[in-house]
Amino acid sequence: MNQPAETFRDDSGLAARDSELECTFRDPAGQLRLTARHALRRIRPAAVESVRAFLSSPLRAALEKSGDLIPSQIASSGDHSFIPRGEFWLEHPRIEPITYPWEWTPAQWRAAAELTLSIASQAIRAGWTLKDATPLNVVFAGPRPVLVDVLSLERRDPNSSLWLAYGQFVRTFLLPLVAAKHLRWPLQATLFVRDGYEPDEIYQALRPWQRLNPDLFDVVTLATLLERPGKAQNATAKTPSKARDPKLTAHILQRRIARLGKQIRRAANLRESSRWSEYTQQASHYQPTDTENKKRFVKETFERLRPQRVLDIGANTGTYSLLAAEAGARVVAIDSDSAALETLWRSAAQNNKSITVLVANIARPTPAAGWRNREHFSLLDRLTGQFDLVLMLAVVHHLILREQLPLAHIADLCATLTRRWLLLEWVPPSDPMYQEWLRGRDDLYGHFSENDLRHAFDSSFAVVDRVALSNGRVLLLFERHSSPAAVAANGKSAEESAA
Amino acid sequence: MRLLRVFPLALVVVGAVLLFERPAYAYADPGAGLLAVQAAGSALVAAGWYLRRKIYALFRSEPASEPTPGLEPEKQLGPAGGEDSPNP
């Protein structure tokens, strides 16, 4: 499971988030602890033998080689002082930031589901089975989905034609996509359901003719009708789940997985488009020369500063995230518009760029969730202090006008997110986009100027570069006053001048 | 022809059942429905599997007990999984 557990200082000396002793607890086979660099998994004694068997299997080697499964190695108490002697622990590389299914675009849901089905299919061929199939076991490393729960694989009974994770896959992968496509329930609503939707929840909400849809009939309608008291027992009692021929059981399992794959592909085909997904092509407030000047300034800034980690807030279709990735940065791109981000995710996946996309609104960030709010981190917990450079291109006017946030608060947030640089595009009140959101509130918001912005950011940042575009917009590069790197650089130059 | 006359009626009956049925609020084990769907799917695929074997057997020209001299004995037909096998 990818749920966060305790996070604390590890032997590398890197600071981790907090030191609360809270482990994952749902999986009977093991618990997970996070350090700054690793995810460490304690394997309970009863599960050690089967985990060792999987680690030495060709299936594990093949899945790790293809990148579908997170790499594992046996951790020793020498490397991690908190591991008691005699206990069996696995060490995995840490994937940061974790993104949760309620922050994925539909195409990412499909990619995660197809990864799960592909692993399940490979496991069946190799004599294993995937016993858990939930999106919470998949993490995106950049644009690529990776299965992180190595305890999900176990030896398969060759005579059983049941896939134990079938129900979980349907509830947690397929039905949220079905609900998004046919009922317009947002995928973000899965934040509130740990184990997905039950078939009858969807059944009740579907229109009568939708219940007969061939893609939904088995997993929604039939499943609901068979769940009525007295019917399920009869159906399961009459139908054989054991067959003598192992070839037949493998064939049945593979057919089931192929059928689920088809259903996922159809359900994930939402054909979404939004105002913002076509924004860059339709933006009439930008002349080509301004666009070119903006791109050049941003690109030169990346090449000069060489940030390793970049956060792009309001990334849209990711023109500037891609520039950052091309300059060698690992990028996290946030936008509240799922359709726009989906375009970015596709280009990142096709070009193998290190960009993690995340559907979220920075003004209403994803909350912490789960048991005691400690199973899943809040968005700001995952982002705070993680970036060398934060991009906020044409975002501040949204925060002022749509979210009604004071400039000083926006500056405070930026100062917590970036370790050093902030590249911001100021949109003045004369701009058509500013005017559109102003909606007659000129007295309240019509007077803001670049000076007001700079004044608000003064307490945390200094302006180190500035470019004015001919459309009135301004690009500002800020450096944080107290950034660790800036302090070190200042200290060094002071020492040099003293010498 | 009789079947053609009965089919629309059957469709209307099934549709009416689905339209006018009311939810039952008694307890049922969650997940039992999907388990039953899976079991039913297994049965259908298995039926397709055996049926296909039977059909292949019908078209076999020579019984396996009398191989033609000089020719390789006919190989056992293996499992045939096609795109058309049913699996709801």
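Asn373(A) is exposed, because 11 other C-beta atoms lie within 10 Å. Exposed is the label for 12 or fewer such neighbours, buried for 20 or more, and partly exposed for counts in between, with C-beta atoms placed from the backbone. Asn373(A) also has a positive phi of about 55°, although it is not a glycine. Asn373(A) sits in the loop between strand 11 (355–359) and helix 13 (379–383) of chain A. Helices here are DSSP runs of H or I with at least four residues, strands are E runs of at least two, and both are numbered from the N terminus.

This is a predicted model: local features need pLDDT of at least 70, side-chain atom pairs count only at pLDDT 80 or more, and totals for chains, interfaces and linings use all residues. Residues are numbered from 1 along each chain as its sequence is written, and chains are lettered from A and ligands numbered from 1 in the order in which they are written.

Other backbone features follow.

| Residue | Feature | Value |
|---|---|---|
| Arg306(A) | positive phi, not glycine | near 50° |
| Gly127(A) | positive phi, just after helix 3 of chain A | about 85° |
| Pro97(A) | cis peptide bond from Glu96(A) | omega near -10° |

Arg306(A) lies in the loop between helix 10 and strand 9 (309–313) of chain A. Arg306(A) counts as exposed, because it has 11 C-beta neighbours inside 10 Å. Pro97(A) is in the loop between strand 4 (88–93) and helix 3 (106–125) of chain A.

Helix 3 of chain A has 20 residues. Its first and last C-alpha atoms are 29 Å apart, close to the 28 Å expected at 1.5 Å a residue. The expected span is 1.5 Å times one less than the number of residues. Of the 20 residues, 15 are buried, so helix 3 of chain A is largely enclosed by the rest of the structure.

Now the helix pair. The axes of helix 10 (residues 288–305) and helix 11 (residues 319–326) of chain A come within 9 Å and cross at roughly 30°. That makes helix 10 of chain A roughly parallel to helix 11 of chain A (angles under 35 degrees count as roughly parallel). The crossing of helix 10 and helix 11 of chain A is right-handed, the term for a near helix turned clockwise from the far one by less than a right angle.

Which residues of helix 10 of chain A meet helix 11 of chain A? They are Val298(A), Lys299(A) and Phe302(A), and they meet Tyr320(A), Leu323(A) and Ala324(A). Contact requires C-beta atoms, placed from the backbone, within 7 Å. By class, this contact of helix 10 with helix 11 of chain A has five nonpolar, no polar and one charged residues.

Key. Axes are lines fitted to C-alpha atoms, for helices over the stretch in contact, and angles run from 0 to 180 degrees between N-to-C directions. Angles under 35 degrees count as roughly parallel, over 145 as roughly antiparallel, 65 to 115 as roughly perpendicular and the rest as oblique. Two residues are in contact if their C-beta atoms, placed from the backbone, lie within 7 Å. Ala, Val, Leu, Ile, Met, Phe, Trp, Tyr, Cys and Pro count as nonpolar, Asp, Glu, Lys and Arg as charged, and the others, Gly among them, as polar.
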